[in-house]
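Please keep the sequence and the structure in view while reading.

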Number of protein chains: 2
Amino acid sequence: MENHRPFLVLLFFAFAVGFISVVFVLRWVLHFREGLSWDGGAKEFNWHPLLAVTGFIFLQGIAIVVYRLPWTWKCSKLMMKLIHAGLSVLAFILAVISLVAVFDFHNVQNIPNMYSLHSWVGLIAVILFSLQIVLGLCIFLLPVSPGFLRAAFLPVHVFSGLFIFTTVIATALMGITEKLIFGLKDPKYKDSPPEATFVNVLGLLLTLFGALILWIATRSSWKRPSETLLHNNEPASDSIKTDTAMSERHDPEPNSEARRRNGKTEE
Amino acid sequence: MENHRPFLVLLFFAFAVGFISVVFVLRWVLHFREGLSWDGGAKEFNWHPLLAVTGFIFLQGIAIVVYRLPWTWKCSKLMMKLIHAGLSVLAFILAVISLVAVFDFHNVQNIPNMYSLHSWVGLIAVILFSLQIVLGLCIFLLPVSPGFLRAAFLPVHVFSGLFIFTTVIATALMGITEKLIFGLKDPKYKDSPPEATFVNVLGLLLTLFGALILWIATRSSWKRPSETLLHNNEPASDSIKTDTAMSERHDPEPNSEARRRNGKTEE
């Protein structure tokens with residue numbers, strides 16, 4: 001790996017920003033809001049931001065960069081795929097529970113469901129994420145899946161993963177906006193009470209977390225080396241044969257094109 | 001270029017979605033809202049969404065993919081840089097006028113400025129975009145700028161361009177959320193009147209436009225060929241020497257690394 005130290009510094013920074021975001025949302029619901037419970041009231045709603053940020057943003061972000069961690073390169077590719085899939089499924093489960101919490105809260109409080117842009121984009125993101133997981137499992141983990149299919153689907157899987165992650169953060173920013181407008185009455189959001197400033201900072205932290213994960217995931221020099229390279233100890237100059245799981249789109253065309261033509265892929 | 005037809009279809013689709021978004025925001029402010037004027041009232045506010053979508057999203061999106069248009073490949077690289085910079089500066093000017101409109105409206109109506117997450121993220125995006133333009137002009141257009149600086153800055157310029165573009169769309173989604181909550185009184189946003197549904201669809205169109213532009217900009221096989229390739233008519237197998245303006249990060253490491261070491265860049 002080139003630039004080992006900058007990678008580790010940025011990875012630590014991303015992890016710290018993601019973790020602080022989770023602490024912020026926890027403080028928001030416990031200190032500024034009503035706390036947590038499963039009673040059909042405001043305390044049940046509060047699971048929605050907590051689980052969405054913890055699962056759908058923080059865990060999904062970690063799942064995206066998990067192939068990049070140098071200390072996992074001695075693990076087999078299959079093991080890393082299982083960890084990537086496991087983190088993604090866990091993120092999905094937390095996202096679904098966060099949806100159940102908000103639908104249940106709306107139903108008990110007689111608030112309509114699915115009227116806002118936040119809910120439209122959020123539901124689309126959950127549906128796309130479920131498709132992403134199902135197709136990912138079938139294509140990259142089922143042994144019967146042919147190589148040409150894996151090669152053809154990989155760029156779509158990579159792009160849609162980053163796109164869904166980004167869309168979820170945008171959805172969270174809309175959710176924060178809604179909740180601060182509806183939740184703050186006296187003083188109002190426009191009066192900038194401490195809760196408003198605190199949760200605006202949470203929004204900035206989520207945006208920064210997104211930027212860091214996207215930067216790490218799109219640096220071709222930080223990719224996991226190919227299996228061949230890892231096990232045969234080939235010279236570093238051969239590094240264009242890098243792993244394609246997170247960044248197929250960075251490959252030079254002749255290489256990826258040849259792989260596509262041969263129906264071969266490291267996936 | 002590989003896959004010429006899919007590129008043209010997607011490019012047309014992206015342009016159509018972006019153009020329809022502009023039509024939607026125009027219909028929103030003219031049909032559902034009060035229209036356009038510069039009077040310190042609601043009509044002045046309406047310039048804010050119109051110019052933000054037209055300039056900061058649609059024009060910026062076009063500026064991002066302008067290097068990819070095959071019919072511009074016979075133009076010189078300098079000409080394309082000037083078009084890219086010109087579109088970006090125009091997008092910036094419209095974004096600034098859209099900011100002036102909303103600040104002026106707030107001041108006349110005694111509404112506080114800069115309290116919402118929408119305003120925080122939006123202002124950061126405008127500041128980053130101004131830095132992006134100034135640094136881009138100085139580093140890639142000033143003849144005295146050294147090659148090693150261009151090579152070192154290019155990945156940052158590419159990433160931050162796509163990041164700012166994405167952030168502006170997220171900001172627009174927050175702005176739509178705010179405006180529909182504040183603007184719809186009877187019926188309210190939660191009652192899903194026609195305006196709410198119409199503007200939610202605008203939000204989806206902006207998200208789709210973002211996805212299409214990001215997909216086009218990150219396909220390495222759709223890059224503008226290098227100047228050498230264009231002018232010397234070298235064989236297609238040499239296509240790893242592609243233009244780096246929009247997608248330096250897709251280059252194989254050995255190639256970009258060698259370019260960095262030599263202090264040479266096509267920029």
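B:Met114 is partly exposed, with a relative accessible area of 29% (buried means under 20% relative accessible area, exposed over 50%, and partly exposed in between, with a 1.4 Å probe and protein chains only). This is a predicted model, in which local features need pLDDT of at least 70 and side-chain atom pairs count only at pLDDT 80 or more, while totals for chains, interfaces and linings use all residues. Residues are numbered from 1 along each chain as its sequence is written, chains are lettered from A and ligands numbered from 1 in the order in which they are written, and side-chain values use heavy atoms, with hydrogens and water left out.

B:Met114 sits in the loop between H4 and H5 of chain B. Helices (H or I, at least four residues) and strands (E, at least two) are DSSP runs, numbered from the N terminus. B:Met114 is not a glycine, yet its phi is positive, near 55°. B:Ser192 also has a positive phi without being a glycine, at about 50°. The loop between H6 and H7 of chain B holds B:Ser192, which counts as partly exposed at 36% relative accessibility.

Cis peptide bonds occur in both chain A and chain B. In chain A the bond joins A:Asp186 and A:Pro187, with omega about 5°, and A:Pro187 lies in the loop between helix H6 (147–183) and helix H7 (194–217). In chain B the bond joins B:Asp186 and B:Pro187, again with omega about 5°; B:Pro187 is in the loop between helix H6 (147–183) and helix H7 (194–217) of that chain.

Two packed helices are described by the angle between their axes and the distance between the axes. Axes are lines fitted to C-alpha atoms, for helices over the stretch in contact, and angles run from 0 to 180 degrees between N-to-C directions.

| Helix pair | Angle | Axis distance |
|---|---|---|
| H4(B) (residues 77–109) and H5(B) (residues 117–141) | about 155° | 11 Å |
| H3(B) (residues 47–65) and H5(B) | roughly 45° | within 14 Å |

H3(B) and H5(B) are therefore oblique to each other (angles under 35 degrees count as roughly parallel, over 145 as roughly antiparallel, 65 to 115 as roughly perpendicular and the rest as oblique). Their contact (heavy atoms within 4.5 Å) involves B:His48, B:Phe56 and B:Gln60 of H3(B) and B:His118, B:Ala125, B:Val126 and B:Phe129 of H5(B). These residues comprise 4 nonpolar, 3 polar and no charged. Here Ala, Val, Leu, Ile, Met, Phe, Trp, Tyr, Cys and Pro count as nonpolar, Asp, Glu, Lys and Arg as charged, and the others, Gly among them, as polar.

What is the angle at which H4(B) and H5(B) pack? The angle of about 155° makes H4(B) roughly antiparallel to H5(B). Among the residues in that contact are B:Leu78, B:Lys81 and B:Ser88 of H4(B) and B:Phe129, B:Ser130 and B:Ile133 of H5(B). The contact residues divide into 14 nonpolar, 2 polar and 1 charged.

## A residue of helix H4 in chain A

A:Ser88 belongs to helix H4 (residues 77–109) of chain A. Is A:Ser88 buried or exposed? A:Ser88 is buried, with a relative accessible area of 10%. Leaving aside residues up to four places away in sequence, A:Ser88 touches A:Ala63, A:Phe129 and A:Ile133.
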